[in-house]
Amino acid sequence: MTDIAELETQTLAAIAAAADEAALEAVRVGALGKKGGISALLSTLGKMSPDERKTEGAKINALKDRAAEAIAARRDVLQAQALEKRLSAETLDVTLPVQETGQELGRIHPISQVMDELTAIFADMGFSVAEGPDIESDDYNFTKLNFPEGHPAREMHDTFFFAPGEGGKRKLLRTHTSPVQVRTMLSKAPPIRVICPGRTYRCDSDQTHTPMFHQVEGLVIDETTHMGHLKWALEEFLKSFFEVTSVKMRFRPSFFPFTEPSAEVDVQCRRQGGDIRFGEGEDWMEILGCGMVHPNVLRNCGLDPDKYQGFAFGVGIDRLAMLKYGMSDLRAFFEADVRWLTHYGFRPLDFPTLAGGLSG
Ligand code: PHE
């Protein structure tokens, strides 16, 4: 029979000599594992007489406990040593620039930014946001807006038509956001005060025109609103948007089938080389059409023109973005060039608010 005291001495010496956790684990298996020395001793108990078993059993179990305790204590020491060693070897250079995460590298497109900005401004003036589909009926895009059948104004819009569907009716890509005026008047009772930002489409492409572009429609209908209110609302909007105390704007008489009287509004700018600057110079840029809602449109939308009146406007969002942020070619907006977006884009978590600043 192995001498218990000797086995204890050997085991404790091996534990103390274990240089790392792996070596210690090998010692544990060698002593306390299924085939370990102490386990082997325990298995000899079955062959002993009851008296012997009592005294020997107690001794072997005490040895087992002491060995287990010694292993646990040694493990704590080894773990502390390993941590100490790692900490003294590892260094951290706090002067290194922090790498931006994917989320921080992302940029908000100037169009989205401008939409958020103008929504914040009009919301502050008491407007809510309405939306309509990009694929419209001819009825909402033209007929209800007082474009007579076959009227040349329909052609002026360079419309993208779909192939005729059932009943020979053609759907189209809306050429302006004005059909949302119709949808709003058909679904809401006055007083109405909405803006409708969205995509619009015309078959046109040059430095200031793209086949898909963006507009924000405005519509106010009640019993007292007049042209003075329209002028005031637009002026306030432009001042807030361009973050200036006054804007130079020019109202030119114009024609739209759905407003009477109608006007187009230009703002002052300077074009020089590839640059465009707002508020200075001798050039003008047309940014919106507007007017008092035509009585025929009110009638077509179920409102009594003898009772209700109001104004509407349609602003080119892309033009606003070009003027505010100095981008001269509209086509670059839609080329998805990451370098352009990195330069002109906005940080994703800088939301425009009137209180916190629109453009950061
Ligand atoms: N829908 C017109 C356009 O796209 C703009 C406009 C809107 C004019 C509302 C008057 C009133 O040209």
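Pro261 has its place in strand E7, residues 259–272; helices (H or I, at least four residues) and strands (E, at least two) are DSSP runs, numbered from the N terminus. A cis peptide bond links this proline to Glu260, with omega at about -5°. The model is a predicted one, where local features need pLDDT of at least 70 and side-chain atom pairs count only at pLDDT 80 or more, while totals for chains, interfaces and linings use all residues. Numbering runs from 1 along each chain as its sequence is written, and side-chain values use heavy atoms, with hydrogens and water left out.

A cis peptide bond also turns up between Pro190 and Pro191, where omega is about 5°. Pro191 belongs to the loop that runs between helix H9 (179–187) and strand E4 (192–201).

Now for the ligand. Its surroundings are made up of 14 residues, and the closest are His176, Ser178, Arg202, Gln215 and Gly314; a residue is near a molecule if one of its heavy atoms lies within 4 Å of it. By type, the shell splits into five nonpolar, seven polar and two charged residues. Here Ala, Val, Leu, Ile, Met, Phe, Trp, Tyr, Cys and Pro count as nonpolar, Asp, Glu, Lys and Arg as charged, and the others, Gly among them, as polar.

His176, for its part, has a side-chain N or O atom 2.9 Å from a nitrogen atom of the ligand. A polar contact is a pair of N or O atoms within 3.5 Å; within protein, one must be able to donate a hydrogen and the other to accept it, and residues adjacent in sequence count only if both atoms are side-chain atoms.

On its own the ligand has 320 Å² of accessible area, and the protein covers 93% of that (Shrake-Rupley method, 1.4 Å probe). Strands E5 (212–222), E9 (283–293) and E10 (309–316) are the elements that each give two or more residues to the shell. E10 supplies the largest share, three residues.

Leaving aside residues up to four places away in sequence, Ser39 touches Ala31, Leu32, Gly33 and Lys34, contact meaning heavy atoms within 4.5 Å.

Two loop residues round out the picture. Asn146 is not a glycine, yet its phi is positive, at about 75°; its loop connects helix H7 (138–141) and helix H8 (152–156). Ala336, also other than glycine, has a positive phi near 55° and lies between helix H12 (317–325) and helix H13 (338–344), in a loop.
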